[in-house]
Each structure stands twice: as C-alpha cells, then as structure tokens.
Amino acid sequence: MKNIIKIGICGLFALAALASCKQEDIVEPDVQVFTYEFSEITRTSAVGTAYITENRIGTIEAKGFCWGETSSPTVNDHKAEITGGEPIGTFTLPISGLDVATTYYGRSFVTVAGAVHYGNEITFTTLAAPSEGWCLIDEVTNITAISADVVMQIADNGGNEVLEYGICYNQTGDPTVENDTKVVAEQGGFEFTAALTGLSQLTQYFVKPYFITAEYGVVYGEQVDFTTSTFIKSVAAFPGFRTAYLTAQVVMDAGSETTERGICWGTEPDITVETAEYAAVGQGIGNFYTLASGLEKGSTYYMRAYAKNAEGTFYGEAIQFTTRTGEILPNFSKDQMVLVEHGTYDMGEPNTETISSCITADTYGKEPVHRVTISRDFYMCKYEVTNEQLCAFLNVYQSTRRRDYDQAIYNGSGRTFSFNVSGSAPNLRFTPVSGCNQKPASNFTWGCASQFCEWLSAELGVTVRMPTEAEWEFAARGGNLSQGYTYSGSNNSSEVAVYTNSKTGPSIVGSKKPNELGIYDMSGNVFEYCSDAFDMDFYLDQVGKTTVDPENVTSAKNAQRVIRSGSFRHNAYFRVSARGKTTNEADCGNHSGLRLVMNSLPSEL
C-alpha cells in the first residue's frame with residue numbers, strides 16, 4: 001500500500017489554513033482538526049489520517065480517531081489515540097478490531113485543556129474479498145478544485161486474465177462502468193493512477209476501482225469518496241442601505257494562474273458576470289472585497305465570487321443579503337454642509353521663525369507663509385462626525401480591521417468618550433458611550449476615516465472625502481469671509497475652542513461659537529484628519545509663488561498623516577496655522593476625529 005500522506009497534500013492544507021487565517025471577518029474555533037481519510041482498509045483494520053489546522057490554546061493532551069456503526073461517534077465509542085505530540089500538523093494512527101464487510105463512521109479528535117474537539121466524519125467499509133478476486137483504491141491525492149489523482153490496484157485477480165481495469169466515478173454514488181465516467185488503464189501491471197480533470201469545485205465525488213475478466217465480468221472494489229477543494233469562495237456580504245461590502249477569497253490557483261477575480265451581484269441566485277453587475281478586483285490568490293453600490297433600500301440581493309483562468313470562469317456559491325432601511329447617518333442633513341467658495345489666501349504661520357512647530361518644539365521656520373489658491377468650490381460639514389454617525393458606519397462595515405490594508409481601525413481600549421463594541425463578526429455591535437451620541441467621534445484611525453468616506457460616497461452617490469490640508473486651513477480661516485483671526489472664528493480661543501482635560505473629554509459638537517463660514521470646532525474639541533501625507537518641509541518649496549490646490553499625495557502604506565485643529569487636550573494646536581501629524585495611519589487616541597467634505601451635494605439622503 002502507498003503512504004497516504006504526500007508532501008504536496010500537506011502543502012495544500014497548509015496553504016488553505018494560512019489563507020483562511022487572513023480572513024478578518026470570520027471567527028474560527030481555537031482548535032480545528034480535519035479528518036483527511038481512512039486508508040489501507042483491510043477486513044479488520046484501517047489507517048486514519050488527520051491534520052490539526054488550528055491550535056490557539058496549547059499543549060495537545062491526546063489525539064486520535066473514534067469510530068462506530070452509527071453517525072457522530074465519540075471517544076466513548078471505539079477509539080485509538082496517542083498522547084502528546086506536535087500542537088499542529090499531520091498525524092496518522094492505525095485502528096484495528098473491526099468487523100469484516102462492515103460500514104463504519106469515523107472521525108478524528110484532539111483533546112486540549114480537557115476538552116475534546118472533533119473533526120469531520122468519514123464513512124469507510126472493511127473488505128470482504130470475493131472469490132472472483134478484488135481491487136481497491138489506495139488513495140485519492142493531489143486534490144484541487146478541478147482535479148484529483150486516484151491510485152488503485154488489483155489486489156487479487158482470482159487467477160483470471162484481466163481484460164480491462166481502471167476507475168469509474170460520479171457525483172451521486174455507486175458509480176458503474178456502464179453509466180458513469182471511467183478512466184481505463186493501459187494494459188500491463190495491476191496498479192494504476194487515474195488523473196481526474198474537469199471537476200467542479202467544492203463537490204463530492206464517488207469513485208470505484210474495477211477490473212473485467214471473461215469469467216466474472218466486471219468486478220468492483222469498494223467505493224471511496226472525496227471532495228474537491230474550494231478555488232473561489234464567496235465569503236460574506238455586509239449590507240448597508242444602498243450599498244453592501246462583498247468579500248471573497250481565491251484559495252488557490254486551480255489548474256492555471258488566476259488572471260482575474262471579482263464579485264458579481266444581482267436579484268437572482270444564479271448570477272454571472274454576463275447577467276449581473278460585477279466588479280473585477282485584481283488577480284491571483286488571496287482575500288478581496290468590493291463595495292457594491294446603486295442598491296435599493298430594504299431589497300434582497302445575491303452575491304457570487306468569480307475567478308478566471310486559462311480553463312474558464314469559475315463561481316463560488318451564492319450568498320443572499322438584504323439591504324437596510326432607515327436613515328443612513330443619524331442627525332445628518334444637507335443643510336449641515338457649508339459651501340466654501342474657491343479663493344486665494346496666505347497659508348502658514350507669519351511668525352514661523354519665532355514660533356516653533358507644535359510637533360517638535362525646537363523646529364522653527366517650517367511653516368512659512370505662502371500663497372495658495374483653492375480652485376474649486378467644495379462643501380464642508382459644519383460639525384465634526386459624531387459617535388452615533390461613526391457607529392452607523394461601523395455597524396455596516398462589520399470589521400475591526402481595514403479591508404484595503406490589514407490594519408486595526410480603532411483603539412482596542414480607552415474609548416471613554418466614543419463607542420462600545422460587543423459581539424463578533426458578522427454580528428458586531430457598535431454603540432456610542434452613554435451621553436456621547438453627539439460628541440465628536442474619536443478613537444478611530446485615519447484608515448477607518450478613509451473607509452468611512454468610501455462607504456458614504458457609495459451610499460450617497462457623490463464624492464465624500466477628507467479635506468486636503470490646504471482646504472482645511474482655508475475653511476478654518478473663514479474662507480473668503482476671513483477676518484484674519486488667530487483661531488477659527490476668534491482671537492480668543494475660549495470663544496471657539498473646547499479645551500478640557502483627559503477626564504472630562506470633548507464636548508457636544510457645535511457647543512462653541514462658529515467661525516465666519518458658520519463652521520464649528522475647527523479649533524479644539526478633537527483633531528481632524530486631512531487627506532495629505534505629512535512632510536515637515538512640504539511648505540518650503542511653495543514660498544514666493546502661488547500654488548494651486550496643493551496636496552501631499554502618497555501611495556505608501558502606513559504613512560504619517562496630517563491632523564489639524566487641536567483637541568480638548570492639545571491647545572497648542574488651536575491656531576489655524578498649526579500643523580499636527582499622526583505617527584502612522586493606525587495611530588489614534590481619544591483626541592482624533594473627522595470632518596466630512598463633499599465636492600457636490602447628494603440629491604437625497
């Protein structure tokens with residue numbers, strides 16, 4: 001008999017396990033064991049093979065196999081086990097004392113910290129050699145989403161001449177050479193490896209070995225079954241109101257390199273890229289997502305992942321979802337968006353040579369005055385995004401990490417003035433801290449702000465974004481209505497800026513005097529993210545000329561980002577000219593928030 005474990009198979013399951021670990025939205029058990037198969041089956045014995053794919057608890061106390069003649073056997077039935085061993089990986093174990101020609105239900109198990117964790121169940125039948133001879137399948141190996149190799153042998157030809165031998169298979173069970181697909185061996189020898197191709201992903205197949213003699217006709221061996229692996233996987237749908245986050249995964253390349261992957265969606269479960277809306281999202285293996293838009297509130301849709309390679313287009317299973325009803329953002333309306341007309345102004349600090357940068361106390365001359373033109377009108381929200389508005393987004397988003405970059409989107413602790421988190425994906429629940437509904441949202445990252453803007457843009461059908469640093473300062477100064485104040489709306493910071501302490505925290509948005517444009521809290525309360533990457537020297541080459549719509553754009557991941565306005569605990573930044581920065585895109589505390597900008601207003605909310 002051939003050894004059931006091949007290095008390629010171990011690699012396959014390791015790859016699948018690693019790919020699964022990247023999936024951020026699915027909570028998996030701490031211990032997982034996969035029953036691969038029972039092989040080398042005789043009349044009274046067999047060999048079990050399993051793979052521990054996950055173990056986040058610790059030391060293995062025991063591992064093995066249990067079996068019985070009824071489904072769902074436990075360790076209280078028949079079992080074979082060994083103690084200790086590696087905490088993860090493959091193990092094999094012989095089992096004995098079986099009855100002849102009997103069908104058994106078997107599954108693997110692992111005991112960790114006193115608890116027994118079971119693998120999937122597999123049926124197998126012990127042999128009873130017929131007088132006409134017998135054959136068997138040694139193993140099914142190299143299983144992919146669309147192919148597999150079946151190794152068979154004629155154990156006893158009964159002393160008869162073998163006219164033909166091979167394997168036959170189907171998807172329904174009990175395959176025959178007359179009615180189902182067969183793969184015939186070339187004559188010579190009693191062992192044969194049949195290459196099965198053109199299979200369907202995540203599908204169960206039933207295989208029988210056979211040989212034909214003149215005396216007895218077709219002699220079949222015992223049926224075995226296997227399931228093809230997942231190639232393209234529809235993972236989950238997280239519906240919003242007119243949008244839905246659709247997530248998927250290419251687990252492996254099947255047959256050839258994956259040249260395109262994506263997700264399609266529509267109102268029927270059997271949708272394809274030819275019959276429904278779809279979005280292509282790159283190529284190759286790995287997790288990916290798209291944000292479907294243009295949906296109707298309170299309507300039912302289906303999503304399917306797809307992947308293309310040289311063999312064709314393949315689809316994952318359809319997932320049904322229903323969009324939400326009600327208001328998209330609570331306590332938000334178009335009349336909160338203030339028109340900031342285009343104009344030209346002096347950006348920077350007139351006293352930069354004598355006033356040090358807030359970022360580094362010994363840095364002077366880095367914020368010189370320079371002429372800037374904002375060439376287009378834009379709309380800026382008069383209030384900072386509130387906790388209840390952020391929670392409305394997070395309850396749709398249903399993740400603790402960025403989808404465009406594997407990074408946390410909020411602080412795991414210290415959310416005294418922001419929001420609480422309960423449950424686990426896909427049932428995470430975000431709620432504002434009591435009394436903080438209308439306080440400015442904080443404790444979320446620049447990356448979260450970016451994803452929030454992407455989502456709200458799709459919901460409203462207009463571009464929603466963070467302001468550039470130049471736009472922010474122009475609006476903070478009062479735009480074309482500027483009175484030249486030191487702070488946003490006044491030369492007296494107490495009139496316009498919320499400044500308390502770490503115990504008291506921020507105040508409800510709009511609690512102080514607005515600036516010339518009617519915009520509140522552009523000095524104090526919480527910092528506000530800008531779209532720019534931070535560069536201490538960014539202003540220097542703009543002195544002596546007029547720069548149009550400057551923005552420090554970067555494609556680098558995890559860059560430092562500009563923050564403005566100061567916060568309830570950072571009064572040094574209250575000046576409209578003062579610059580701040582994050583350490584990186586994941587840097588956040590109870591002092592960093594967001595103000596929304598739109599290029600145009602939506603037709604409806």
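The model is predicted, so local features need pLDDT of at least 70, side-chain atom pairs count only at pLDDT 80 or more, and totals for chains, interfaces and linings use all residues. Residues are numbered from 1 along each chain as its sequence is written, and side-chain values use heavy atoms, with hydrogens and water left out.

The protein chain has five helices and 36 strands. Both are DSSP runs, numbered from the N terminus: helices are H or I with at least four residues, strands are E with at least two. The radius of gyration, taken over C-alpha atoms, is 32 Å. Along the principal axes, the C-alpha atoms fill a box of roughly 105 × 50 × 45 Å. Of the 605 residues, 54% count as buried, meaning under 20% relative accessible area with a 1.4 Å probe, protein chains only. Contacts (heavy atoms within 4.5 Å) were also examined. Among those with a separation of 6 or more, 72% join residues 24 or more positions apart.

Strands of a sheet pair through backbone hydrogen bonds, either parallel or antiparallel. Here, two strands pair if DSSP finds at least two bridges between them. β9 (residues 148–156) pairs with β12 over six bridges. Val 151 has Thr 193 in β12 as its bridge partner.

Another open sheet has four strands in the order β34-β33-β31-β35, and its pairing is mixed. Its edges are β34 (580–581) and β35 (592–593), each with a single partner strand. β31 (residues 527–533) and β35 run parallel, paired over two bridges. Phe 527 has Ser 592 in β35 as its bridge partner.

The largest nonpolar core has 49 residues. Such a core is a set of buried Ala, Val, Leu, Ile, Met, Phe, Trp, Tyr and Cys residues joined through side-chain atoms within 4.5 Å. Residues with the most contacts inside it include Tyr 245, Phe 393 and Trp 455. Elements giving two or more residues to this core include α2 (387–397), α3 (446–460) and β31. α3 gives the most, with nine residues.

Technical notes
Rg over C-alpha atoms; globule rule 2.2 N^0.38 Å. Buried < 20%, exposed > 50% of the residue type's maximum accessible area, 1.4 Å probe, protein only.
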